[in-house]
Amino acid sequence: MNPEDLRQQIHQLQRAVAELQQDWCIAVCSGDERLIGIVSLLLEDCDWAARSSAELLALPLPQQKNLLLICDDELADGGALELIERLPEATVLVCLDAAIPQERLAQLWRSGADGLCCLQHCGQGRLLQAVLMLMRGLQSIDPLLGERLRERSEEHTSELQSPCNLVCRLLLE
């Protein structure tokens, strides 16, 4: 994609997010200055930025509006799982490195993350696409991370259906 097409796509996504943003407060929590910078540039009305879970939880987070939390899983004082547990009413988008261990990826998805975005694709419009989907009440998962989750699910299903596991499950029942 050439730069002008990418700019047009990003501007279009920004306008769509801006139309929905009146009912939302947006916070970003990351020890990575790059993620905070990307979110701040792409989402002009980002309300809060915190560099740790403790700093985020000390903020006067909204009671009347929806909270969209964009975070990574590499906070010095806890990860995304802690934030998901501590902020159950928040809509959480977790930005992850493409090389995240498979088990951690599955754990984050099962824990209630509303969206997963690959850090390497944030600047290509995928972060804005994820935000837009979440604001519309949908889940969002980056295609690369979704493929990895499907592979894990297929491996798990085949493990469960192996003759040894079938016998074990029958004996347990």
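Residues are numbered from 1 along each chain as its sequence is written, and side-chain values use heavy atoms, with hydrogens and water left out. Since the model is predicted, local features need pLDDT of at least 70 and side-chain atom pairs count only at pLDDT 80 or more, while totals for chains, interfaces and linings use all residues.

Six strands make up an open sheet in the order 2-1-3-4-5-6, with parallel pairing; strands (E, at least two residues) and helices (H or I, at least four) are DSSP runs numbered from the N terminus, and two strands pair if DSSP finds at least two bridges between them. Strand 2 (48-50) and strand 6 (140-141) sit at the edges, each pairing on one side only. Strand 6 pairs with strand 5 (residues 115-118) in the parallel sense over 2 bridges, and here G115 stands opposite S140.

Next comes L83, a residue of helix 4 (residues 80-86). L83 counts as buried because its relative accessibility is 0% (buried is under 20% relative accessible area, exposed over 50%, partly exposed in between, with a 1.4 Å probe and protein chains only). Leaving aside residues up to four places away in sequence, L83 touches C29, S53, L56, L69, C71 and L75, a contact being heavy atoms within 4.5 Å.

Still, a search of the whole structure turns up 0 disulfides (pairs of cysteine sulfur atoms within 2.5 Å). The closest cysteine sulfur to that of C29 is in C71, 6.6 Å away, so the two are too far apart for a bond.

A pocket is an open set of points on a 1 Å grid over the protein atoms alone, where a 1.4 Å probe fits, with protein on both sides within 12 Å along at least five of seven lines; lining residues have an atom within 4 Å of a point. Its lining has 14 residues, with D32, E74, L96, D97 and L119 nearest the centre. Helix 2 gives the most to this lining, with 3 residues. The second largest pocket holds about 190 Å³ of space, and its lining includes L61, P62 and Q63.

Definitions and conventions. Grid points are joined across faces, edges and corners, and a volume is the space filled by probe spheres set on the points.
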